[in-house]
Each structure stands twice: as structure tokens, then as C-alpha cells.
Amino acid sequence: MTEPLPDSGTDLPYEESPETSTVAHGAAGEAAAGAREAHAEHRGTAPDPHERTVVHLMRHGEVDNPEKILYGRLPGYHLSALGREMAEVVAEHLSAADLALVVHSPLERTAETAAPTLQRHGLTAVVDPRVIEAGNKFEGRRFRKRLLFDPRRWWWVRDPTKPTWGEPYRAIAKRMTAAIEDARDHARGREVLLVSHQLPIWTMRSVLESRNLWHDPRRRECNLASLTSVTFTGDEITDVTYTEPAAHLYARAAKTPGA
């Protein structure tokens, strides 16, 4: 029987249990603290309190990864043909959006996902390292549960509230919050597309919706080429919505992540 895989190229699947509630609250607290730090450090201009700005956080399309590697931040991982089709579908979905800015991470898969939207709107991409995939010590390996049982790696997984096997939730939330607020300030009264990765996007949504962060990553609602849209009125977040413009393509994906 094939072992279940995590949903993105950076995560490890951890099963939830009744004993994890304290850990879950700890992880959520870490991320929320990072977001508060970034917000406190931010120095934006005084906004019109009634002005509406929308920042769409988009997960990249399907990646060509037949070896099922936990690829994380490794270069050289490109969209599959289906992933490119997903990017085109989202570009069509956003064709009438009043986009002022398109931002993506330094990795190839986000650049390729952003390309059709950039072309439609005649914009030049902004590459922001703050929206990159989360770092992970298991990067470059194919996931096997025996990785977790290897005593040499027990120290890596000692504290899932950080998490100690990768970039801390606090750091992810801080850098993502700063990137989102900068994009909002640039596009006041309009819209932004920010193409990132599953874990950073889900971390931010969890912070905004006061959701526990320690969870089975296969259960995230952040599917391929999905949009998590954050609406600001002035500087206040007034709505968070989730849509899947490419949902009709998921049946053809190698696996259906985030369901």
C-alpha cells in the first residue's frame, strides 16, 4: 500500500489526536505573534478608511514531480502541462479584475503560474522573497514514514509548535504579513495577485481566521491554483474568501491536494 503523501512539496503529514490540542494552540500563538510583529513594524501611509483593496493569495499550479520529492525551496521544479493549464484558467478568471500588481516568489513554479495573468494585464512581475515556500530540513527527500522514526532525526521533530523541522510558523506569518501589507499599500483601492505556496498561504489564513496550525497538512483548504482573497477596507481586514477557479481540472491531477 502506498503511503499517504503530504499536500505540498515541503510538509510532513502528522496525524491529529486528542492529545494535540495544547500543541495546536501553541502553533497558532506562534504564528499570530509573528503577524503582530510585522504589523507593528509596518509604516504605511494613512489610508482612506473606506477604500477597498483586495489581495489575492494564489497557490501555484500542479508541479511536475513524478518522484514525489519534498522539494521545498529547491530550484528546478516547474509546472506540469496541467499546472500551466491551471495558470491559464486563473488568468481568465481574473481577466476583469482591476489588478495593479502581480507578485510571486523567487521559485520557478510561481513565476510560471503568474505569467498568463501578467500577460493579460500588461504588468511586470514583482519578485518578493518574503512569499517563498517555507524552509524544511527534509527538503530533497522522498517522503517515507521511516524518516520520522530515524533516531538521528528525532531532534528535528521535537516541537511541532515551531515547527522544529522547518521554518517557524512565527517567521512565516511575519514575512507574509509584511509582504501582504506592502502589496496592499502599493495597490490602494485596487487588487493584487500574490502567487505563493500552500504552507505560507494556509498559515496566513489560519492566523486571520484564528485557526489552529498544527494539523494534518492533507486537510488544508488550499488547493492547486486556488485563491485566498483578503479584502481590506482601509487597513482593516473585512473579509477572507476562498475559491478554486481550476477545480474542474483537479480530476486530472496526479493527486488532489488540499481537499
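Mentor: A charge sits over a ring when NZ of Lys or CZ of Arg is within 6 Å of the ring centre and within 35 degrees of the ring normal. That is how Arg 184 is placed: its charged end lies over the ring of Phe 232, 5.0 Å from the ring's centre. Keep in mind that this model is predicted, with local features needing pLDDT of at least 70, side-chain atom pairs needing 80 or more, and totals for chains, interfaces and linings using all residues. Numbering starts from 1 along each chain as its sequence is written, and side-chain values use heavy atoms, without hydrogens and water.

Now to the sheet. Pairing takes at least two DSSP bridges between the strands. Strand E5 (residues 227-233) and E6 have seven bridges and run antiparallel to each other.

Next, look at Glu 167, in the loop between helix H4 (146-149) and helix H5 (169-186). Glu 167 counts as buried because its relative accessibility is 14%, and buried means under 20% (1.4 Å probe, protein chains only). Its side chain makes a polar contact (N or O atoms within 3.5 Å, one able to donate a hydrogen and the other to accept it) with the side chain of Arg 73, at 3.2 Å. Another polar contact, of 2.8 Å, joins the side chains of Glu 167 and Arg 175.

Further along, helix H6 (residues 198-208) holds Met 204. With a relative accessibility of 4%, Met 204 is buried too. Leaving out residues up to four places away in sequence, Met 204 touches (heavy atoms within 4.5 Å) Ala 173, Met 176, Thr 177 and Ile 180. Ala 32 is 172 residues from Met 204 along the chain, yet their C-alpha atoms are separated by 8.8 Å.

Finally, step back to the whole chain. There are six helices and six strands, following the pattern α-β-α-β-α-β-α-α-β-α-β-β along the sequence. Of its 259 residues, 55% count as buried. Among contacts between residues at least 6 apart in sequence, 77% join residues at least 24 apart.

Terms used: Helix = DSSP H or I, 4+ residues; strand = E, 2+ residues; numbered from the N terminus. Buried < 20%, exposed > 50% of the residue type's maximum accessible area, 1.4 Å probe, protein only.
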